[in-house]
Amino acid sequence: MPTNVMILGAGFGGLELASSLSERLAGEVEVTLVDQHDDFVFGFSKLEVLFGRQSAEQVRIPYRPMRAPGVAFRQEKVLALDPATRHVVTDAGAYDPDVIVVALGADYDVAATPGFADGGFEYYTVTGAERLRDELRSFRGGRVMLAVLSIPFKCPPAPYEAILLLHDELVGRGIRDVTDMHVVTPQPAPIPVSPQASAAFERAMGERGIAYTTRRRVYGIDPAARVARFKDHDEPYDLFIGIPVHKVPDVLSDAGLAEEGWVAVDPRTMRTGYPGVYAIGDCTETGIPKAGTFAESTAHVAADDIVRSIRGAGALAPGGTGLCYMEFGNGEVGRVDVDFHAAGGPTAPLLGPSSEYVAEKAEFGATRRARWFGA
Ligand SMILES: Cc1cc2nc3c(=O)[nH]c(=O)nc-3n(C[C@H](O)[C@H](O)[C@H](O)COP(=O)(O)OP(=O)(O)OC[C@H]3O[C@@H](n4cnc5c(N)ncnc54)[C@H](O)[C@@H]3O)c2cc1C
């Protein structure tokens, strides 16, 4: 009898896990891959939408052509989950699989920042990126504040990528000299694991006259007065862009899987404390940043452990590795190869930035697309 594996969430982690299990356990597993949406969008494609390089329709990749053997995709919303009995309820039915892998990503808690829903902009959703793109079209200059509203958040480079690309856009429109730009973050540096990448982002912002404040949080905004509220002062803005507060999806807190805020796992196996229940990607707490490349790495660890538990033997991937491409504006992309478990401590050297990595970044997306969707 094949083992029934149900993967909840067809994002970066869920798609990679479904492909891995299909390749490695053909005939030994039946995989059901569930997602509330009928299409997938790469995180980095939201920058494409924001800066009008591609439309929302162009970046959506429909799940339906997915043809991985042994994998059935179902567009259903997960409503409830009992990890102790491995019982899953969706808006279309109920399931009792042998193995559950939770890959539901991170949600946004926009209401956690007073005033943000009414007067702020974000580009972490496709709709938000479209709305900010349209707002930028009518922007004529002023004070732009881009604030990281809490940690952890997805893709640590994304705030810096956006501000550098926005600088280029405003230069191109001839309004950069009438615009002040300011990035605010609670973090001590842009990419704490990579001093080289941090220095490169700080240099790039400095060269472009973009102000940068670390270890400070914006707690809310007052859209009527157009001020951002810090702990001890207010600061005016004309356009406020926030990286929203992130949270674990409610269905996972309701299931009692996220008592510490995110789903606790053993990072060597990606098992939760419940037999036959794994969690991978952004919904987990592994001490590693939230990014597609690390979600992929956790999918490989879980795949190894599932293979090992079905076949009774097999090695485990170390996890904690990833390849990040970072937009620096001016047609340049940098590349960081991160290894959180390197002997002697994490390593994350920066290559570039240069125009040479633009094609490599496109190839990174294209290979995933071909692997997951066969197109
Ligand atoms: C602007 C931006 C730029 C980024 N750039 C990069 C980059 O260059 N490189 C990189 O590695 N990462 C990047 N990321 C981060 C990356 O997108 C995420 O870290 C990654 O997608 C996490 O993968 P995941 O599988 O854990 O979650 P996700 O990919 O978010 O997938 C979770 C899935 O679960 C589904 N889901 C949630 N709740 C339910 C439910 N109740 N029922 C059914 N389905 C549900 C969602 O629809 C979603 O498809 C970027 C993110 C943003 C926002």
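Where is Pro152 found? Pro152 lies in the loop between β11 (142-148) and α6 (158-172). The notes below begin with the basis of the model and then return to this loop.

1. Basis of the model. This is a predicted model, in which local features need pLDDT of at least 70 and side-chain atom pairs count only at pLDDT 80 or more, while totals for chains, interfaces and linings use all residues. Residues are numbered from 1 along each chain as its sequence is written. Helices (H or I, at least four residues) and strands (E, at least two) are DSSP runs, numbered from the N terminus.

2. The loop between β11 and α6. The peptide bond from Ile151 to Pro152 is cis, with omega near 5°. Cys155 belongs to the loop between β11 and α6, and has a positive phi of about 55° although it is not a glycine. Most residues other than glycine have a negative phi, and most peptide bonds are trans. Cys155 counts as buried because 22 C-beta neighbours lie inside 10 Å. The term buried requires 20 or more other C-beta atoms within 10 Å of the residue's own; exposed means 12 or fewer, partly exposed lies in between, and C-beta atoms are placed from the backbone.

3. Further backbone features. A cis peptide bond with omega of about 5° also joins Gly352 and Pro353; Pro353 is found in strand β24 (residues 350-354). Arg86, in the loop between β6 (78-82) and β7 (87-90), has a positive phi near 55°. Arg86 is partly exposed, since 19 other C-beta atoms lie within 10 Å.

4. The sheet β6-β7-β8. These 3 strands form an open sheet in the order β6-β7-β8, with antiparallel pairing. Two strands pair if DSSP finds at least two bridges between them. Strands β6 and β8 (93-95) are at the edges, each with a single partner strand, so one side of each has no neighbour in the sheet. On average, neighbouring strands of this sheet are turned by 15° against each other, direction ignored. The antiparallel pairing of β7 and β8 has 3 bridges, and Val88 has Tyr95 in β8 as its bridge partner.

5. Strand β9. Strand β9 (residues 99-102) is covered on both faces, with Val99 and Val101 buried on one side and Ile100 and Val102 buried on the other. Strand β1 (residues 3-8) pairs with β9 in the parallel sense over 4 bridges, and Met6 stands opposite Ile100. Strand β20 (residues 277-279) runs parallel to β9 and is joined to it by 3 bridges; here Val101 stands opposite Tyr278.

6. Helix α9. Why does the span of α9 agree with its number of residues? At 1.5 Å a residue, the 20 residues of α9 (residues 292-311) should span 28 Å, and its end C-alpha atoms are 28 Å apart. The expected span is 1.5 Å times one less than the number of residues. Of the 20 residues in α9, 15 are buried. Just after α9, Gly312 takes a positive phi of about 80°.

7. The ligand shell. Of the 35 residues around the ligand, Gly9, Gly11, Gly43, Gly105 and Gly281 come nearest. A residue is near a molecule if its C-beta atom, placed from the backbone, lies within 6 Å of it. Elements giving two or more residues to this shell include α1 (12-24), β2 (29-35) and α9. At least three residues come from each of domain 1 (3-106 + 248-318) and domain 2 (110-246), with domain bounds from an automatic or database domain assignment.

Key:
Axes fitted to C-alpha atoms, helices over the stretch in contact; angles between N-to-C directions.
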